[in-house]
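Q: I would like to go through this structure with you step by step. Could we start with the basic terms and then look at the parts in turn?

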Amino acid sequence: MGVKQLFDLSGKVALITGGSRGLGLQMAFALGEMGAKVAIAARKPGELAEAERALTVAGIEAMAVVADLGDVAGGTVSRLVGAVMERFGRIDILINNAGATWGAPAEDYPLSAWDKVMTLNVDAPFLLAQEVGRQAMIPQGGGKIINIASIAGLGGNPPNLSMFTVAYNTSKGAVVNFTRALAAEWGRYNINVNAILPGFFPSKMSQGLLDRFSTQVIEATPLGRLGGDEDLMGAAVFLASDASRHVTGQMLAVDGGVSAT
């Protein structure tokens with residue numbers, strides 16, 4: 001198999017949560033450009049419809065599913081996976097991208113905020129992987145799961161930056177080891193499980209922090225820049241394709257070198 005074939009996703013079906021904007025939509029375009037059919041899920045119908053139109057205009061076969069993954073107890077996960085299976089008949093790639101954060105000092109952190117972050121960032125990826133495994137990947141004989149963690153999952157925040165995100169850091173640390181544990185268990189099913197750890201990318205979630213600390217963040221980044229509109233594309237395609245068929249349980253930091261310092 002040639003290198004171009006290794007990266008070809010023709011005939012594959014990808015489900016991307018948090019796919020209506022930001023990093024999720026960036027990865028949807030990347031996988032679609034390489035030939036995958038793309039299902040995007042998010043909470044807001046208007047943003048989803050706009051993203052679906054943009055993907056379709058780009059020549060990508062896409063579907064949008066409204067799904068509030070913060071409500072995992074209400075059957076959202078099974079309905080989402082069922083809708084994609086009904087439309088496409090299979091799911092080859094799952095990108096667990098939907099996430100949330102909340103800012104407050106640890107001594108004042110509300111339990112309700114902690115639960116919200118953990119539900120969306122930890123519970124939802126597990127339940128989605130479980131459901132996609134049951135309905136699609138295990139019966140199909142393989143698949144690719146990509147969890148979007150964060151370099152915040154590798155440690156705490158710099159003390160000179162008032163980033164009070166204890167739940168977010170904790171949740172992304174959990175995603176890192178969830179990735180390793182699931183990879184070790186599901187290798188026998190020919191399912192690769194890896195994680196991408198983004199650094200700072202301009203997004204709705206990070207905007208408040210970047211408004212205050214962008215200069216310090218850039219100065220602390222070896223490449224001297226924030227993540228851009230194309231900087232997750234290659235990593236997502238690599239981990240979604242046969243090019244990474246012997247890679248599992250790994251963390252790929254896309255952070256401009258921050259985690260190396």
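A: Let us begin with a term: two strands pair if DSSP finds at least two bridges between them. Please keep in mind that this is a predicted model.

Q: In which order do the strands of the open sheet come, and is the pairing parallel or antiparallel?
A: The open sheet has seven strands in the order β3-β2-β1-β4-β5-β6-β7, and their pairing is parallel.

Q: Which strands are at the edges?
A: The edge strands are β3 and β7, the latter covering residues 251-254; each of them pairs on one side only.

Q: By how much are neighbouring strands turned against each other?
A: On average, neighbouring strands of this sheet are turned by 20° against each other, with direction ignored.

Q: How many bridges join β1 to β4?
A: Strand β1 (residues 13-17) and strand β4 (residues 93-96) run parallel and are joined by three bridges. Within this pair, Ala 14 of β1 stands opposite Ile 93 in β4.

Q: Which strands does helix α3 touch?
A: Helix α3 (residues 45-57) packs on the sheet and touches β2 (37-42) and β3. The direction of α3 makes about 175° with that of β3.

Q: And what about α6, which strands does that helix touch?
A: Helix α6 (residues 166-186) also packs on the sheet. The strands touched by α6 are β5 (143-148), β6 (191-198) and β7, and the direction of α6 makes about 160° with that of β6.

Q: Now to pairs of helices. At what angle do α2 and α8 pack?
A: Helix α2 (residues 22-33) and helix α8 (residues 233-240) pack at an angle of about 55°, and their axes are 9 Å apart. The two helices are therefore oblique to each other. The crossing in which α2 passes α8 is right-handed.

Q: Which residues meet there?
A: From α2 there are Gln 26, Met 27, Phe 29, Ala 30 and Leu 31, which meet Met 233, Ala 236, Val 237 and Ala 240 in α8. By class, this contact has eight nonpolar residues, one polar residue and no charged residues.

Q: Which residues of α8 are buried?
A: Ala 235, Ala 236, Val 237, Leu 239 and Ala 240 are buried in α8. The buried residues of α8 pack against α1 (3-7), α2, β4, β5, β6 and β7.

Q: How do the axes of α4 and α5 cross?
A: The axes of α4 and helix α5 (residues 111-140) come within 10 Å and cross at roughly 40°. These helices are therefore oblique to each other, and α4 passes α5 in a right-handed crossing.

Q: Which residues make that contact?
A: On the α4 side they are Val 77, Ser 78, Leu 80, Val 81, Gly 82 and Met 85. On the α5 side they are Leu 127, Leu 128, Glu 131, Val 132, Gln 135 and Ala 136. The residues of this contact divide into eight nonpolar, three polar and one charged.

Q: A change of topic: where is Ala 73, and is it buried or exposed?
A: Ala 73 lies in the loop between β3 (62-66) and α4 (76-88). Ala 73 counts as exposed because its relative accessibility is 79%, and exposed means over 50%. Ala 73 and Met 63 are ten residues apart in sequence and 24 Å apart in space, C-alpha to C-alpha.

Q: Finally, what is the phi of Asn 190?
A: Asn 190 has a positive phi of about 65°, although it is not a glycine. Most residues other than glycine have a negative phi. Asn 190 is placed in the loop between α6 and β6, and at 49% relative accessibility Asn 190 counts as partly exposed.

Terms used
Residues are numbered from 1 along each chain as its sequence is written. This is a predicted model: local features need pLDDT of at least 70, side-chain atom pairs count only at pLDDT 80 or more; totals for chains, interfaces and linings use all residues. Side-chain values use heavy atoms; hydrogens and water are left out. Helices (H or I, at least four residues) and strands (E, at least two) are DSSP runs, numbered from the N terminus. Buried means under 20% relative accessible area, exposed over 50%, partly exposed in between (1.4 Å probe, protein chains only). Axes are lines fitted to C-alpha atoms, for helices over the stretch in contact, and angles run from 0 to 180 degrees between N-to-C directions. Contact means heavy atoms within 4.5 Å. Angles under 35 degrees count as roughly parallel, over 145 as roughly antiparallel, 65 to 115 as roughly perpendicular and the rest as oblique. A crossing is left-handed if the near helix is turned anticlockwise from the far one by less than a right angle, and right-handed if clockwise. Ala, Val, Leu, Ile, Met, Phe, Trp, Tyr, Cys and Pro count as nonpolar, Asp, Glu, Lys and Arg as charged, and the others, Gly among them, as polar.
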